[in-house]
2 protein chains.
Amino acid sequence: MDLNNKFRKMIKKIQAYEYVFNLLGWDSSTEAPRESHARRAEIMGVLSKELFKLQTEKEYQDVVNELYSKLDTLDNLMQREIKKAKKELDKIINVPEEEYVEYTKLIQMSQLVWEDAKKNNDYDSFKDNLKQIIDFNKKFALYYNPNNDPYDTLLDSFEEGMTTKEYDAFFKQLKEELVPFVKKVLKYSMNEYDYYIIDYYDPKKQEEFCEYLVDVMKFNRDRGLMKKSVHPFTWNTSPQDVRFTTRYLERYVFSSIFATIHELGHATYEQQISTDFDDTLLHGGTSMGIHESQSRFYENIIGRSLEFWEANLDKFKEIFPEQSKWITPKDMYRAVNKVEASLIRIEADELTYSLHIMLRYEIERKLMSGEITVDDLPTIWNDLMEEYLGIRPKNNSEGVLQDVHWSGGMFGYFPTYALGSAYAAQFYYAMKKDLDIPKIVRNNELDKINKWLKEKIHQFGSSKSPKELLLEVTKEEFNPKYYIQYLKEKYTELYL
Amino acid sequence: MDLNNKFRKMIKKIQAYEYVFNLLGWDSSTEAPRESHARRAEIMGVLSKELFKLQTEKEYQDVVNELYSKLDTLDNLMQREIKKAKKELDKIINVPEEEYVEYTKLIQMSQLVWEDAKKNNDYDSFKDNLKQIIDFNKKFALYYNPNNDPYDTLLDSFEEGMTTKEYDAFFKQLKEELVPFVKKVLKYSMNEYDYYIIDYYDPKKQEEFCEYLVDVMKFNRDRGLMKKSVHPFTWNTSPQDVRFTTRYLERYVFSSIFATIHELGHATYEQQISTDFDDTLLHGGTSMGIHESQSRFYENIIGRSLEFWEANLDKFKEIFPEQSKWITPKDMYRAVNKVEASLIRIEADELTYSLHIMLRYEIERKLMSGEITVDDLPTIWNDLMEEYLGIRPKNNSEGVLQDVHWSGGMFGYFPTYALGSAYAAQFYYAMKKDLDIPKIVRNNELDKINKWLKEKIHQFGSSKSPKELLLEVTKEEFNPKYYIQYLKEKYTELYL
């Protein structure tokens with residue numbers, strides 16, 4: 001068998017196991033009964049050993065290394081794939097097995113410790129775990145690449161090619177332009193639209209409206225489905241099987257609506273990737289940031305537009321006649337774009353959201369450089385909240401303990417959220433040159449937008465890097481000005 | 001590592017793969033989107049190769065054979081397990097790989113051929129496939145055991161220890177006693193209860209009633225759930241994860257009700273097995289017949305009893321006030337036990353059901369012995385239908401082509417359905433000595449019945465054979481007289 005085929009066969013096998021883990025995860029998050037998890041954990045233990053063996057066995061290493069040694073004889077796609085394989089392989093084999101096992105245990109335990117700490121508002125009980133997680137991450141980053149700044153290595157693992165240098169510039173601009181703008185808007189943003197937002201909405205009816213939205217977005221139901229779970233997420237194993245979840249809160253109908261549209265953004269991306277990449281490492285969306293750009297594009301730029309509610313308020317009123325009798329599209333537009341200084345990231349509105357991320361980025365950066373320690377965290381967190389949003393958490397549960405990410409070892413992940421919103425805006429201004437977006441949205445012809453995104457972004461899966469995509473689609477490199485411009489235009493019109 | 005541990009570890013690994021195949025199957029049957037199946041088939045191809053390797057590799061054979069060679073040094077449970085392992089192993093390795101592959105392809109193709117044949121009422125287009133399947137089954141049975149009658153070997157693979165000799169005796173008795181009894185009942189069975197049975201019942205409301213039944217049966221929701229699918233079935237990977245499905249037909253509410261109770265019978269069996277058997281070959285119900293005895297016990301003996309409807313008709317009326325205003329428990333009791341000569345097995349009532357099975361058994365028996373060929377099938381089928389039930393199929397789609405089993409290579413499976421009903425009756429008379437069943441059912445205290453079944457049958461999983469269970473629980477060997485007695489008592493009281 002020639003080397004390429006051998007590699008392909010190995011990847012196919014590895015992906016079969018990943019498929020299984022995906023399915024187990026989907027099932028666990030959506031319906032597996034409570035008491036099934038103990039046995040499931042055992043099964044996963046057996047299978048993850050098999051997978052680890054495949055990903056690290058000598059034969060696989062040899063194939064990857066040999067292909068890597070003659071990279072320039074390979075075609076472009078294969079070059080990119082082998083680089084990815086090599087990068088992943090080095091990550092796994094450079095970490096001593098004992099340390100990896102120790103870290104895995106630490107992460108598992110830390111989840112529980114964090115949950116308790118958050119529940120009991122007891123940061124101190126979590127601090128030591130956090131410190132150990134940070135130390136491991138620094139150490140691992142140096143294993144991956146001894147010549148690189150550890151935080152840069154971590155940032156790159158969530159968003160290919162991104163560094164502190166670029167993120168610093170991005171957040172600097174946000175801080176200078178957005179913080180004062182937000183303060184101005186907060187003064188004028190009004191509360192008068194509240195009464196029907198917090199009304200009771202029957203979850204069954206919410207589901208009906210969300211199923212309607214699935215069709216508005218022209219999601220292909222032969223290749224996916226919507227279900228519910230505690231935390232909304234999108235799942236896929238191939239473009240032919242893309243599923244996502246939403247959740248229904250009785251007293252906050254926007255939660256299900258915008259979770260649905262958000263996840264539909266992720267799901268549409270995955271559905272529109274070429275199946276040619278199915279058995280390659282180029283399957284799936286190319287990065288966290290690009291993925292988030294798609295979900296936020298649909299959620300905020302489309303779903304929170306006036307035109308979207310001109311198109312879909314009638315259906316909303318049909319399903320919820322009691323609650324929405326007197327509402328106009330304009331009312332809805334203002335309601336879904338209500339700006340508020342809030343303490344909790346996942347409840348933040350579009351405008352203030354990136355300030356929550358900026359805060360986390362600054363803290364991660366200083367933690368990784370050693371400029372601050374875990375002891376300093378609560379105070380720094382609260383000070384920055386006050387500086388950026390003018391509010392101060394009353395306790396650590398609604399402050400530094402609110403997010404799961406750090407207890408899961410995810411350092412370098414947060415900034416991709418803000419990056420996604422900024423990418424989305426940059427894509428938006430490029431799309432505007434080709435399409436009459438307001439008209440398309442008003443006519444519920446989102447297939448036209450899907451098509452543009454498929455041609456320009458989705459179809460390529462991971463075969464292009466985020467930076468390549470930005471440059472090819474928007475004809476320039478990443479530029480935060482579009483994001484700031486978009487927010488200022490929208491929220492000036494709404495509130496100033 | 002000692003031999004026992006080595007065996008245990010291998011079994012655990014094999015079961016991890018089987019767990020995965022189970023989950024893939026569950027997902028495919030309940031929600032996986034249409035277009036996901038092609039990729040899924042590829043993934044399953046990769047994984048089934050891995051599983052096959054584990055089940056046949058030299059190391060595993062050596063361990064099983066060595067343990068088998070010193071069987072008398074092992075404890076009872078281990079003895080039973082090793083015998084099972086040896087039997088399965090011999091089955092796999094005695095079949096030449098090419099023939100196995102050829103057969104697998106034949107079966108896959110035959111499914112489609114059968115579907116088309118049934119749709120187009122074209123038995124001839126399916127005949128050759130059927131002949132090949134029969135030939136393979138005979139050949140394989142001889143590979144498994146060259147010294148045994150092939151049909152006996154197949155019968156044993158679905159119901160441990162059962163032979164043509166025993167089935168012949170069973171069906172002979174049914175023929176002599178039940179056929180004339182059924183003819184008498186059919187003359188008196190009335191149609192007056194039809195009007196509300198075929199009324200429209202909102203599927204959402206049916207679901208509500210079935211969820212109620214889940215609680216009536218005291219099913220443990222922390223260890224399982226109910227979903228819907230085209231064909232109801234029960235699925236489990238361990239007693240902590242037992243799921244089942246039902247289906248909702250708008251114009252036939254009994255379909256969802258009795259499918260739910262039937263599957264709850266299977267599911268309760270699985271939930272009540274000791275978890276000690278989790279990583280052994282003694283997990284799960286012990287045989288098709290015993291499993292079917294549990295589902296039919298709950299469906300027919302409990303669910304179609306007067307007391308059951310005395311207990312639960314109020315809830316039914318609460319959910320379906322329009323359709324059931326005037327109905328008494330007695331009306332319901334008669335309606336759910338309506339006897340009819342019908343052509344389709346899966347629509348048959350409790351009384352006539354086993355005659356459908358008897359017909360299939362006789363045909364299988366003669367096909368396997370060579371007494372008849374596939375050419376004779378339609379005529380024999382129709383003649384027997386006329387003899388036993390007094391009706392004749394107008395075409396082969398409602399005759400010999402109606403069931404999927406043969407196209408799937410399942411010869412020897414059908415008789416376990418009738419056996420299950422007969423087992424159920426034999427258990428029932430044993431239970432009556434310990435419990436006041438009518439009172440328990442009338443008071444909706446089915447946990448008392450669950451408990452009896454757990455202690456006597458369920459907890460043991462596959463650690464006891466069907467014959468051992470019957471003898472221990474009922475103090476005698478399998479005896480069809482209980483089944484006949486039960487049917488005669490019930491239907492005499494109802495209709496004669």
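The model is predicted: local features need pLDDT of at least 70, side-chain atom pairs count only at pLDDT 80 or more, and totals for chains, interfaces and linings use all residues. Residues are numbered from 1 along each chain as its sequence is written, chains are lettered from A and ligands numbered from 1 in the order in which they are written, and side-chain values use heavy atoms, with hydrogens and water left out.

## The sheet of chain A

Strands here are DSSP runs of E with at least two residues, helices are runs of H or I with at least four, and both are numbered from the N terminus. Two strands pair if DSSP finds at least two bridges between them.

Strand 1 of chain A runs parallel to strand 3 (residues 241-246) of chain A, and five bridges join them. Within strand 3 of chain A, Val242(A) is the bridge partner of Gly224(A). Strand 2 of chain A runs antiparallel to strand 3 of chain A, with four bridges between them. Here Thr234(A) has Phe244(A), in strand 3 of chain A, as its bridge partner.

Strand 1 (residues 224-228) of chain A is mostly covered, with four of its five residues buried. Buried means under 20% relative accessible area, exposed means over 50%, and partly exposed lies in between (1.4 Å probe, protein chains only). Ser238(A) belongs to strand 2 of chain A and is buried, at 2% relative accessible area. Apart from neighbours within four places in sequence, Ser238(A) is in contact with Asp278(A) and Arg39(B). Contact means heavy atoms within 4.5 Å.

## The sheet of chain B

Strand 1 of chain B and strand 3 (residues 241-246) of chain B run parallel and are joined by five bridges. Leu225(B) stands opposite Arg243(B) of strand 3 of chain B.

## Salt bridges

Side chains of opposite charge can pair when their charged atoms come close. The structure holds 88 salt bridges over all chains. A salt bridge is a side-chain nitrogen of Lys or Arg within 4 Å of a carboxyl oxygen of Asp or Glu. The table lists some of them.

| Pair | N to O distance |
|---|---|
| Lys488(A) and Glu177(A) | 3.0 Å |
| Lys127(B) and Asp124(B) | 3.8 Å |
| Asp375(B) and Lys127(B) | 2.8 Å |

Lys488(A) pairs with Glu177(A). Because Lys488(A) lies in helix 22 (residues 481-495) and Glu177(A) in helix 8 (residues 164-188) of chain A, the pair ties together parts that are 311 residues apart in sequence. Both are partly exposed: Lys488(A) at 28% relative accessibility and Glu177(A) at 31%.

Lys127(B) and Asp124(B) are three residues apart in helix 6 (residues 124-144) of chain B, which means a separation of about one helical turn. Lys127(B) is buried, at 19% relative accessible area, whereas Asp124(B) is exposed, at 53%. Lys127(B) also forms a salt bridge with Asp375(B). That pair links distant parts of the chain, 248 residues apart, with Asp375(B) in the loop between helix 16 (350-369) and helix 17 (377-389) of chain B.

Salt bridges that share partners also join residues of both chains into one network, including Asp27(A), Arg40(A), Lys227(A), Asp27(B), Arg40(B) and Lys227(B).

## A nonpolar surface patch

Phe52(A), Tyr100(A) and Val101(A) form a nonpolar patch on the surface, together having about 250 Å² of accessible area. Patches consist of residues with over 30% relative accessible area and no salt bridge, with like charges joined within 9 Å and nonpolar side chains (Val, Leu, Ile, Met, Phe, Trp, Tyr) within 5 Å. Accessible areas come from the Shrake-Rupley method with a 1.4 Å probe, and for residues only the protein chains shown count as cover. Val101(A) is found in helix 5 (residues 97-120) of chain A and is partly exposed, at 38% relative accessible area.
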